[in-house]
Amino acid sequence: SIIIRTKDRPHLLVNAVESVVTQTYANLEIVVVNDGGQNVVDVLEAVSGDIPINHIRHEKCMGRAAAANSGLNAAEGKYLNFLDDDDVFYPDHVACLVKHLEMTHDKVAYSNVLNVFFEGPPETPGSRRKEDLVFNFDFDPDRLLFENYIPLMSVLFSREILEVVSPFSEDLSSDFQVAVFFLN
C-alpha cells in the first residue's frame, strides 16, 4: 500500500500517482488522503491506471500526522510506504525494498534519496539543473537519535510494525516520528 498525503496540489499529485503506477512491483494499492484540500477525484481517475485507489477526504485540514494515520487505517497491504504529493518514486523503488524484506525477513527497509532540482515550475519542469544524493547512510541508531536521516517516503515497512508502534502523534511533526518508528 502506498499512502499519498495531499492538499491543494493536484498538479503535483499527478506526478506522485504516476510514479506509483509505473512501479515494477505489480501488487499495489494507492491510498490517497486529501487533507482538507480541493477535490482530486478527477485527477485520480485520470492517472490511476489499473491500480486500485482508496480516496479519503478530510473535510478540513487535520495535519500531516492525522493524514498519515488515516492512510494507515485504510491501507490493506502487507507492506506500507508513504509518498507525499510532491515526491516521486523510481520505478523499482517498491520492488527493491520488498525483495530485501522478503530475503532478510526484516520488517523495515529504506532507500537513499535523490534530490533533483529542475528549471521551471514543478508541474512542468524543464531540464535538470542539479542532483544531490542525500540521506545515503547505513542504519545507525545513535545517529538517528540526533539527526533524522531517513525521510518518510524512503521507508517500506511490514504491516506487523503497526502492532508494536503507536500511531503518529497528531501533536508532533510526522517526519520527526520516523526516528521513533525505527528505534522501537
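**A tour of the salt bridges**

Begin by selecting Glu102 and Lys78, which form a salt bridge whose closest N and O atoms lie 3.5 Å apart. This pair connects distant parts of the chain: Glu102 belongs to helix H4, while Lys78 sits in the loop between helix H3 (64-74) and S4, 24 residues apart. Glu102 counts as partly exposed, at 40% relative accessibility, whereas Lys78 counts as exposed, at 54%. The model in view is a predicted one.

Next, select Arg9 together with Asp85. These residues form a salt bridge, with 2.5 Å between the closest N and O atoms. Here too, distant parts of the chain are linked: Arg9 is in the loop between strand S1 (2-6) and helix H1 (10-21), and Asp85 is in the loop between strand S4 (79-84) and helix H4 (93-104), 76 residues apart. Colouring by accessibility shows Arg9 as partly exposed, with a relative accessible area of 32%. Asp85 is buried, with a relative accessible area of 2%, a value under the 20% cut-off for that class.

Asp86 lies in the loop between S4 and H4, 77 residues from Arg9 in the loop between S1 and H1. Asp86 is partly exposed, and its relative accessible area is 44%.

For the last stop, select Arg5, Arg64 and Asp84. A network of salt bridges links these three residues.

To close, display every salt bridge at once: a search of the whole structure finds 7.

How values were computed:
Residues numbered from 1 in each chain as written. Predicted model: local features only at pLDDT ≥ 70, side-chain atom pairs only at ≥ 80, totals over all residues. Heavy atoms only, no water. Salt bridge = Lys/Arg side-chain N within 4 Å of Asp/Glu carboxyl O. Helix = DSSP H or I, 4+ residues; strand = E, 2+ residues; numbered from the N terminus. Buried < 20%, exposed > 50% of the residue type's maximum accessible area, 1.4 Å probe, protein only.
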